[in-house]
Amino acid sequence: MAKMNLLQAINNALVTVMEQDKQAMVFGEDVGHFGGVFRATSNLQEKFGKSRCFNTPLTEQGIIGFANGLAAQGSTAIAEIQFADYIFPAFDQIVNETAKFRYRSGGQFSCGTLTIRTPYGGGIAGGLYHSQSPEAFFAHCPGLKIVVPRNPYQAKGLLLAAIRDNNPVLFMEPKRLYRASVSEVPEEDYELPLGKADVVQEGTDITLLGWGAQIEILQQAAEMALEDGISCEIVDLRSISPWDAQTVAESVMKTGRLLINHEAPLTGGFASEIAATIQDKCFLYLEAPVARVCGLDTPYPLAHEKEYMPDQYKTYEAIKRTLKY
Amino acid sequence: MQDRNHLARVTTTHQVHIIENGLIDIPMLQVLKPDGTLHEQAEEPEITQEVACKIYDTMEYIRILDERMIGAQRQGRISFYLASTGEEAAAVGSAAALQPQDMIMSQYREQGALAYRGYTTAQFMNQMFSNEKDPNKGRQMPIHYGDKALNFMTISSPLGTQIPQAAGYAYGQKMAGLDAVTICYFGEGAASEGDFHAGLNMAAVLHCPAIFFCRNNGYAISTPAEEQFAGDGIASRGLGYGVKTIRVDGNDPLAVYAATLKARELALSERCPILIEAMTYRLAAHSTSDDPTGYRSRDEEDKWRLKDPIQRMAKWLQHKGWFDEAANKALIDESRQAVLSALKEAEKIPVNPIDDMVTDVYDKVPPHLQYQMNELKAHIEKYPQAYPKTAGRNK
């Protein structure tokens, strides 16, 4: 075990893979000698050479197009998109190519060995274009897996599983936690399951569901609620697609209440999908409507970042409202 | 840390001197004259009788296939078709210069390259009738072929997406130490997509052994080339990316063959991309959903009919003494028969079972998809008359 922050855990996972898998390549803007703008790929070029860890030109559609071809060829392609806000030039390559490669070829070809890493989320004074959480756009696209870790331990185990999974994975890293979150991380190889939610804290009165950096927020809100005698169960979804409806439903059947928290705007956010599914699976168990604590339906603001964020206070208020319903 | 100087190749001037397009001449390689003889200064490429005849036979075969399938579409037997009439030499001549281990990433008008690789008439038909013998499981519109055994990447409809993919595929081939390149076909219209810029730039910077083969056939559906770009075709862009470039007469099978042979050699020996711009003409409609009489004249088409690559190749083969009139006639008759009987056969083969609707989305069918499939099957059972293709086979 070693103490690592989330960036070090990511870096450690990449080193683990590149040592074992000679066909593994890491590429993207500034990921080479410089080690990436957040330093997630530090020293990879020195360790594994310029042909396996390299800078690309500044073209997100090019990076993912290239990655699709490289993965289809059989190599392990690990592409970085510097900020999730800049993934949209690659939207066509991801939605029409990455995600459909296997289906359209009847399984003859696939991008199963592709992993796209990208930092997402707000809370770093990044304004409109360094703060977005675009998971819901991609959750609407069959053929992709979407994974979000909440801490360094989760990040290493989930990233190793994502890279080795035989499906293309969009791996979204909560950049607010890159240096903020430090935890014990095994130095050896380990994987955490994709498509499985994780019950972070058991409780009896309400289920708080989130992912990534918002799990911390849910924990803080749960502590506030505990002082009022409210027992919260906290579930980290971990995989947005395919998502673990069963674990969430089991929790909701136990607590009778569900609150979903995400940074992305409310309308069309992934909480909508979860709410629809849970009311279908748990209708007669629900004591109150499913609460959504999300970003506002605005572009991500700068000066009003604090006001925009679905923080612990908004979450705490929603918990009380749901309990009183 | 190394010192860099991004002005190292920059020269200086002291006059305001604006560079104009057209100052760099990009000539078009032409080997054969329309009468099938060689241009005086042209060198005949090294080509065996076997390869030459196979190029010719494949072009003839594709012309027949195209004619028959347009007919089949008009009869309502398939939903869609896309012919390559007049452009056969571009696809076939280039494919002939490759090796079987080279990956082909095509757009959608390169059936000639696929036929040259050995795709059978039955395989063409199974794809077009989206039946259960198509390895792509009947999931895409007609003409979206793909065959892993022949190193022919399954075609996708979005234009130009294969261009950066070819760079990545070729990079993987290079890293694996393979004696193989990737060829990537696209039209001059697709070259307006951002993926063209992204792909060529990445291939150049990352030294990918890829051949980018542009069929400049003058039209993107109805949009003529002069409304597509203002520069000197597509070739001029290659130079801007630092990509070795050649322009060829796309209706001259020998010129296409010679250029692609050289491109492959350079791609492998120098580990670099090559751009080939083949100047040709889309004598066919864009697809069976298109009618060119609305945007171009009969006279214009007739001028290009005189440049027919098949006629040109036939005349050259005759000069070489490699053309067997009787054998050729027999081949044409056989091909027509083969297409017709394969067509009749393929339309009788059922589509894939309904379960294949949810396979290959992921490597394994996830529970939520299995749940959706079970619900769908129960629904079909209730209304079998509404789903005749699958109801009878539903278990």
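Let's start with a right-handed β-α-β unit in chain A, built from strand 10, helix 8 (residues 214-227) and strand 11. Keep in mind that this is a predicted model. The two strands of the unit, strand 10 (residues 206-210) and strand 11 (residues 232-236) of chain A, run parallel and are joined by five bridges. One pairing to look up on screen is Ile206(A), whose bridge partner in strand 11 of chain A is Cys232(A).

Strand 10 of chain A also pairs with strand 13 (residues 258-265) of chain A, again in the parallel sense, over three bridges. Here Leu209(A) has Ile260(A) as its bridge partner in strand 13 of chain A.

## How covered is strand 10?

Mostly covered: five of the five residues in strand 10 of chain A are buried. That goes for both faces of the strand. Ile206(A), Leu208(A) and Gly210(A) are buried on one side, while Thr207(A) and Leu209(A) are buried on the other.

## The seven-stranded sheet

Elsewhere in chain A, seven strands make an open sheet with mixed pairing, in the order 3-2-4-5-7-6-12. Strand 3 (53-55) and strand 12 (239-241) of chain A sit at the edges; each has a single partner strand, so one side of each is left without a neighbour in the sheet. On average, and ignoring direction, neighbouring strands of this sheet are turned by 20° against each other.

Within that order, strand 5 (residues 114-120) and strand 7 (residues 169-174) of chain A run parallel, with six bridges between them. Tyr120(A) is one of the residues involved, and its bridge partner in strand 7 of chain A is Pro174(A). Then there's helix 7 (residues 152-164) of chain A, which lies across strand 4 (76-80), strand 5, strand 6 (145-147) and strand 7 of chain A. The angle between helix 7 and strand 7 of chain A is about 165°.

## Where chain A meets chain B

How many residues of chain A are in contact with chain B? The count is 35, and they touch 35 residues of chain B. On the chain A side, the elements giving two or more residues are helix 3 (60-73), helix 4 (91-97) and helix 5 (101-104) of chain A. Helix 3 of chain A gives the most, with 10 residues.

Methods:
Residues are numbered from 1 along each chain as its sequence is written. Chains are lettered from A and ligands numbered from 1 in the order in which they are written. This is a predicted model: local features need pLDDT of at least 70, side-chain atom pairs count only at pLDDT 80 or more; totals for chains, interfaces and linings use all residues. A residue is buried if 20 or more other C-beta atoms lie within 10 Å of its own, exposed if 12 or fewer, and partly exposed in between; C-beta atoms are placed from the backbone. Helices (H or I, at least four residues) and strands (E, at least two) are DSSP runs, numbered from the N terminus. Two strands pair if DSSP finds at least two bridges between them. A crossover is right-handed if, with the strands pointing away from the viewer, the path from the first strand over the helix to the second runs clockwise. Axes are lines fitted to C-alpha atoms, for helices over the stretch in contact, and angles run from 0 to 180 degrees between N-to-C directions. Two residues are in contact if their C-beta atoms, placed from the backbone, lie within 7 Å.
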